[in-house]
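This report describes one protein chain for a reader who is new to structures. Please look at the sequence and the model before reading on.

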Amino acid sequence: MTNTQITYLVVVLCLVLGLAAFVSLIVVPALSAYRTIWERGAALILSLYVLAALAGIGVLAGVVIIAEWPRLF
């Protein structure tokens with residue numbers, strides 16, 4: 001395997017594990033807390049909002065690290 005393939009493999013594994021953790025720690029408890037369909041739908045939409053916020057924070061942190069890397073070292 002080349003270095004690029006290893007990098008892609010690590011990225012895919014991190015995405016899969018991160019998504020599995022999100023589903024098991026946020027989505028499942030949110031959906032099991034309600035009984036009616038519309039309440040579960042609202043909980044799912046709010047969970048997706050949380051996912052978008054977490055992804056945004058991750059992207060922002062990555063951009064800051066990439067932008068500030070030359071100044072750090």
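## Overall build

The chain holds 2 helices and 0 strands. Both kinds of element are DSSP runs numbered from the N terminus, where a helix (H or I) needs at least four residues and a strand (E) at least two. This is a predicted model, in which local features need pLDDT of at least 70, side-chain atom pairs count only at pLDDT 80 or more, and totals for chains, interfaces and linings use all residues. Residues are numbered from 1 along each chain as its sequence is written, and side-chain values use heavy atoms, with hydrogens and water left out.

The radius of gyration of the chain is 17 Å, while a compact globule of 73 residues would have one near 11 Å. This radius is taken over C-alpha atoms, and the globule rule is 2.2 Å times the number of residues to the power 0.38. Along its principal axes, the C-alpha trace spans about 55 × 30 × 15 Å.

## Surface and burial

The accessible surface of the chain is about 6200 Å², and 78% of that belongs to carbon and sulfur atoms. Such areas come from the Shrake-Rupley method with a 1.4 Å probe; for residues, only the protein chains shown count as cover.

Of the 73 residues in the chain, 7% are buried. Buried means under 20% relative accessible area, exposed means over 50%, and partly exposed lies in between (1.4 Å probe, protein chains only).

## Helix 1

Helix 1 has 30 residues, and the distance from its first C-alpha to its last is 42 Å, close to the 44 Å expected at 1.5 Å a residue. The expected span of a helix is 1.5 Å times one less than its number of residues. At Val-23, helix 1 bends by about 35°. A bend at a residue is the angle between axes fitted to the seven residues ending there and the seven starting there.

Which residues of helix 1 are buried? They are Phe-22, Val-27 and Ala-30, and what covers them includes helix 2. Pro-29 also has its place in helix 1, but Pro-29 counts as partly exposed because its relative accessibility is 39%. Leaving aside neighbours within four places in sequence, Pro-29 is in contact with Val-23 and Ser-24; contact means heavy atoms within 4.5 Å. Pro-29 and Ala-43 are 14 residues apart in sequence, and their C-alpha atoms are 9.6 Å apart in space.

## The loop

Tyr-34 lies in the loop between helix 1 (3–32) and helix 2 (37–72). With a relative accessible area of 38%, Tyr-34 is partly exposed. Apart from neighbours within four places in sequence, Tyr-34 is in contact with Glu-39, Arg-40 and Ala-43. The C-alpha atoms of Tyr-34 and Leu-48 are separated by 16 Å, and these residues are 14 residues apart along the chain.

Ala-33 is found in the loop between helix 1 and helix 2 as well. Ala-33 has a relative accessible area of 56%, so Ala-33 is exposed. Between the C-alpha atoms of Ala-33 and Ala-43, 10 residues apart along the chain, the separation is 8.9 Å.

## Helix 2

The 36 residues of helix 2 should span 52 Å at 1.5 Å a residue, and the 51 Å between its end C-alpha atoms agrees with this. A kink of about 30° lies in helix 2 at Ile-66, shortly before the proline Pro-70.

Ser-47 is found in helix 2. Is Ser-47 buried or exposed? Ser-47 counts as buried because its relative accessibility is 4%. Setting aside neighbours within four places in sequence, Ser-47 is in contact with Phe-22, Ile-26, Val-27 and Ala-30.

## The salt bridge

The structure holds 1 salt bridge, that is, a side-chain nitrogen of Lys or Arg within 4 Å of a carboxyl oxygen of Asp or Glu. Its partners are the side chains of Glu-68 and Arg-71, at 2.3 Å from N to O. Side chains of opposite charge can pair when their charged atoms come close.

Both Glu-68 and Arg-71 lie in helix 2, 3 residues apart, which is about one turn of the helix. Glu-68 is partly exposed at 28% relative accessibility, whereas Arg-71 is exposed at 67%.
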